[in-house]
Amino acid sequence: MVLPFFKDLTEIAGVEAVVLFDNQNNIIDSWTIPKYNPTVFSEIGETFLHVFGLIEYLSYDMEEIVIPFDRGLVYTRTQPEFYLLVIARLSVDVPLVRLAVNVAMEAFRSNRKVRKMLKKLGGQKFYQIKSITLDDVEKIMLENILEDNNAS
Amino acid sequence: MLPERFRIHEDMIFKLSHQRSPSEVKLKSMEWAIVTQLNGEKTVAQIGEILSLNPDETRSMFTRLMEVGLLELVNVPERNPFVPDEIFDEIEYQLTYFLGPVAGIIVDDTLTELKRNRKNMEKKQLAFLVELLTLEISSVEKRYEFQKRMLNKIKGIV
């Protein structure tokens, strides 16, 4: 599913992995360069599920997050039924990644089979955040954010 | 004037040389900081950004590290990093389809905002230019169509 729709994205210099997650943090499909260890995907995916879940709950108008790390970069894009994660080298051309994702996402969403599959996926991301996966600081931050949101 | 082998470009990538250890050389603290950032993946510009150095400081420190033999070049920047002229004709043609005859002016205005022109636009900025031009199109469907056409044109160039 990644390759037929996101081929242009996988061909961008520096892109090393493309992963599609459903809102339960299950991997729908993935593509990686050879010698890449895919076992880390769920852990990374869960972090972004938390972030996107909160963004969704707070109704923030934000669908993309790019975070550079010491040895690479993570580009993520959320959609109502799923989210996409791209792992790349720091040297990757981020606007080109965004352009390729924009184009691929449109084709992906308008495909008949995909639309059928997306109908089966569901569940809001926020309600998939398991408190057991949060540390104490994250729990306090989450409580504070929700309190502020409720107060306003 | 530095010899070409010592000239540092912002998209060069270095790793620590096996020929010499940093402990053999007297380094300033910021030069040490650069040494710790070398991993064969980060460009000179990225390391400068991480360490909050301006381009001149970054270049001079990399030049010094190069001179004392601590750096090994991993990649050489492209000889011609500029976008070929004809791609702008294509961008203008496609944009005219969506925006009408003002497309050429919008392309040139956007290039000016980027402090570039049709002769000195670097390939690595091309996708960003397309992104900025896309914002000029109000219809979501037309934006998608423009991006799709542009991606097909530029993916072989950048």
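Trainee: Which strands does helix 2 of chain A lie across?

Mentor: This is a predicted model, in which local features need pLDDT of at least 70, side-chain atom pairs count only at pLDDT 80 or more, and totals for chains, interfaces and linings use all residues. Residues are numbered from 1 along each chain as its sequence is written, with chains lettered from A and ligands numbered from 1 in the order in which they are written. Helix 2 (residues 41-57) of chain A lies across strand 1, strand 2, strand 3, strand 4 (73-78) and strand 5 (82-88) of chain A, and runs at about 125° to strand 5 of chain A.

Trainee: And what does helix 3 of chain A touch?

Mentor: Helix 3 (residues 94-110) of chain A packs on the sheet against strand 1, strand 3, strand 4 and strand 5 of chain A, its direction making about 30° with that of strand 4 of chain A.

Trainee: What's the strand order in that sheet?

Mentor: The sheet of chain A is open, with five strands in the order 2-1-5-4-3 and antiparallel pairing; strands pair if DSSP finds at least two bridges between them. Strand 2 (27-32) and strand 3 (64-68) of chain A are the edge strands, each pairing on one side only.

Trainee: Switching to chain B, at what angle do helix 5 and helix 6 of chain B pack?

Mentor: Helix 5 (residues 103-113) of chain B packs at about 125° to helix 6 (residues 126-134) of chain B, with their axes 10 Å apart.

Trainee: Which residues make that contact?

Mentor: B:Ile106, B:Val107 and B:Thr110 of helix 5 of chain B and B:Leu129, B:Leu132 and B:Leu133 of helix 6 of chain B make the contact (C-beta atoms, placed from the backbone, within 7 Å).

Key
Axes are lines fitted to C-alpha atoms, for helices over the stretch in contact, and angles run from 0 to 180 degrees between N-to-C directions. Helices (H or I, at least four residues) and strands (E, at least two) are DSSP runs, numbered from the N terminus. Two residues are in contact if their C-beta atoms, placed from the backbone, lie within 7 Å.
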